[in-house]
2 protein chains.
Amino acid sequence: MHALENLRSRMAELSDLAAIEMLAGWDQLVMMPAEGAAARAQQLAMLARLTHELATAEEIGAWLGEIDAAGNGAGLDELDRDIVRLAHRDWERARRVPEELAVERARAHADGQESWRLARANDDFAAFAPALARNVELARAYGDCVAEEGESRYEALLGDYDYGLRTEELRRVFGALAQALPPLVAEARVRSPRRVLEVPVGAQQAAVASTLRRLGVDEASWRVDVSAHPFTAWLGRGDSRLTTRYGDGEVESLLSSLHEYGHALYERQIDPALDRTNLGGGTSMSIHESQSKLWENHVARSPAFAEVLAAELGAGGFAVSAPELHAALVGVEPSAVRVSADPLTYPLHIVVRFELELALIGGDLAVRDLPAAWREQMRRLLGVEVSSDALGCLQDVHWGAGSFGYFPSYALGCLIAAQLWEALQLELGPREEDLRRGEVAPIQRWLGERVHRHGRRLDTIPLVEHATGHALQIEPFLRYVSPLAES
Amino acid sequence: MHALENLRSRMAELSDLAAIEMLAGWDQLVMMPAEGAAARAQQLAMLARLTHELATAEEIGAWLGEIDAAGNGAGLDELDRDIVRLAHRDWERARRVPEELAVERARAHADGQESWRLARANDDFAAFAPALARNVELARAYGDCVAEEGESRYEALLGDYDYGLRTEELRRVFGALAQALPPLVAEARVRSPRRVLEVPVGAQQAAVASTLRRLGVDEASWRVDVSAHPFTAWLGRGDSRLTTRYGDGEVESLLSSLHEYGHALYERQIDPALDRTNLGGGTSMSIHESQSKLWENHVARSPAFAEVLAAELGAGGFAVSAPELHAALVGVEPSAVRVSADPLTYPLHIVVRFELELALIGGDLAVRDLPAAWREQMRRLLGVEVSSDALGCLQDVHWGAGSFGYFPSYALGCLIAAQLWEALQLELGPREEDLRRGEVAPIQRWLGERVHRHGRRLDTIPLVEHATGHALQIEPFLRYVSPLAES
């Protein structure tokens, strides 16, 4: 069928273009000299414009119409039916955005990232405020365009990261966390206090490299680099790139590299039949984050895997016992910084951001008032005094890159990871023995089968149900963190 | 005028797209894990297809027609007139290439580079032959499409690198070099024999870094990396990237990094008014190569600058006198490898390649016969016995990347560099004193004014005449190399 062929060829083109955009973004954050920023912003804007043109073209509507009209006569197999279903959804969403706005957003996001980078380095919120205000303004305009009947502007933004989520559901879940976690934090900071390990950078680097190698990170199809904010890029089959950062004299690099590994593994284990289709990516940011959190919280932070990590640090010249390392990896102490937060306080950092971005997008908070509002929220939920904007509202790149509605996925990821981990152990049995030996192949396989291979064929909530047999729950996460308040 | 605005906006888009293609190519050779090759080849093919579509679109013809019809009424300034002139030329050339062929070439070039990389590593020409044969076949088809009235297929290929060059002129110039150089080589290999300096890699790295820093290579707008074959990428104003290679226990890295610096400086000093137009790049490969050869042959290989380089090597822990270093940088010995050839035998390596590619494209030489023909030519022109294909016809990436008609520019670059260097010294006075102190600003300025700023506004031969007051000559080059046969 000609229409289906055209549709699939367009999807392949868009998939290639997305990979190239990701390359340009990776390079910007990892390799590009600073003065290349202006040219790169124009290049990214051009790619966004081309992508928008190709993704919203009239002819896609015509092909879809032709396929729909043929009905059963089109003879679509199951895969084609999903390709067509998602093509409908994506095309209709994209068609609601004027090309001008798409181009403006891409440019503002590139400028915003560069502005954020400098502002953060100089702890200068005022220098970042205009770029942030522009991003807020464009996000509001974008949300208004994209919102479906009965959907709020913020839900429309959420939909770019987690299709089908509702603000009301987030309020409920995050409200429950905001209730349940602070009492646990109060106990845990006494019973499982944070212990600082001063690990030399060289030992961290050696342990990160050898631990990742154990998990299958080879030079033939991976890169591991350093960037200000750790992230992962997947530039096509056989080209996964994760970044980490060192130098805090801490063990954060071990956690963040396993975190990023989880993201990369997800994309690598998607069914190759979905390559270069519109289904060949992670289905949502929540599911993506559940994959990174599973490796960070349930593998790297387990007492069993601490034996492996301690051995690798030892080989790198830093002697530490497994229990001592484990205590440092799970120790609880409310602090200002999200990415280095302990597993118990982490979701509260997200609640802060959720409430603030809801207010920014809703028009209830002005950009100039953000630093004060941030400090206030941190005080209320975490009891933390924020000492500088660099360690406050400038700590994350997301808003600078125009990503509003993204943060909730970080907390949902924690919940889903815990729920998947319980389901996995129910089926495979406890993982302690394996993890003690660094054996992760059964985990990789279970995740590949239950979560990864589906790509975008299942949305967040249906995927959770398919993988675990249950709707989204917060109890597995509470069961995971409770021992910290008891030991 | 609306048509002119549309034309300029399309040119900006094509310029951004070219920068992104260059990024994808740079990344492929410098950063990409090997198993990413298949996906990257598809991505590059997609970019080539989009570029071809945008560069050959009907509407460009309509805009040009509208502008032409308006005549003087269009009120074009001098810059616009050049933009329109080059847009006509490029559009008409590109329109002669069917989209299918453009896409096939991009894919074959990406596959060919990867195949070449592996074949060279394993010294296995047979593994590379199919990819090369495919590239030859596509180059022939391409040349046939592009050739203008009265132009040969090979001249059409040349035109992609050096518009306006004629095969007959190349035969004349290269014939004269093939006559004049071998007797000089025979003398020079006795009087200025090659002296091998065993420079540790660490000292090379330190000297390359500090020498480049003297020339203005800072971290804010440059990158210096390592790749199998040194090259330069310019990804936009403020983002110049050169690569070099170390490890031969030799001084090649000093020469090749100054060589690549010359390429990068050319692009950096183009008039910013030409940014994101169709004029904002180097005008031809010959002129580009003249810029790299000027820094390699006339700066790095001068007795005066040897004092700077010797001091930098000394600071890097390798003690050497300036005369000793200079002798190592200019010592003559016919050898198998082009990129490490001395300045006197270098053009003969190009004559070898010119004659072989002329035969491949003309259909007078089959790919399977290339290794033997290569050995025969090397014996005849350089008196060298080639010991392996890796050091023979597999040494360069160009044919693997589908670049036929490119090699001549390397020899023309040597000639033009010598001619520019004589003109520069005639005007500024001898450079010895300055070079001894590492002072290159007057050279940078003269090149910027006479050569760089024009971008594509002047083609190869008119630019040489504009900059030196003379047509292309071989005598300045012969005057440059003659002392090697006399000292």
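Trainee: How many aromatic pairs does the structure hold over all chains?

Mentor: This is a predicted model, in which local features need pLDDT of at least 70, side-chain atom pairs count only at pLDDT 80 or more, and totals for chains, interfaces and linings use all residues. Side-chain values use heavy atoms, without hydrogens and water, residues are numbered from 1 along each chain as its sequence is written, and chains are lettered from A and ligands numbered from 1 in the order in which they are written. Rings of Phe, Tyr and Trp (its six-membered ring) pair if their centres lie within 6.5 Å; planes under 30 degrees apart are stacked, over 60 edge-to-face, and the rest tilted. Over all chains, the number of aromatic pairs is 24.

Trainee: Are Trp399(B) and Phe404(B) stacked or edge-to-face?

Mentor: A pair of aromatic rings is described by the distance of the centres and the angle of the planes. Here the centres lie 6.1 Å apart and the planes 10°, which makes the pair of Trp399(B) and Phe404(B) stacked.

Trainee: Is Phe404(B) buried or exposed?

Mentor: Buried means under 20% relative accessible area and exposed over 50%, with partly exposed in between (1.4 Å probe, protein chains only). The relative accessible area of Phe404(B) is 2%, so Phe404(B) is buried.

Trainee: What is the angle between the planes of Phe407(B) and Tyr410(B)?

Mentor: Phe407(B) is buried at 1% relative accessible area, and Tyr410(B) is buried at 7%. Their rings form a tilted pair, 5.9 Å centre to centre, with an angle between the planes of 50°.

Trainee: The charged end of which residue sits over the ring of Tyr346(A)?

Mentor: A charge sits over a ring if NZ of Lys or CZ of Arg is within 6 Å of the ring centre and within 35 degrees of the ring normal. The charged end over Tyr346(A), 3.6 Å from the ring centre, belongs to Lys293(A).

Trainee: How many of the 17 residues of α14(A) are buried?

Mentor: Helices (H or I, at least four residues) are DSSP runs numbered from the N terminus, and α14 of chain A covers residues 346–362. The helix is largely enclosed by the rest of the structure, because the number of buried residues is 15.

Trainee: What rotation superposes chain A on chain B?

Mentor: Copies are superposed by least squares on the C-alpha atoms of residues with pLDDT of at least 70 in both. The shift along the axis is 0.0 Å and the RMSD 0.0 Å, for a rotation of 180°. The two copies are thus related as by a two-fold rotation axis.

Conventions: Helix = DSSP H or I, 4+ residues; strand = E, 2+ residues; numbered from the N terminus. Expected span 1.5 Å × (residues − 1).
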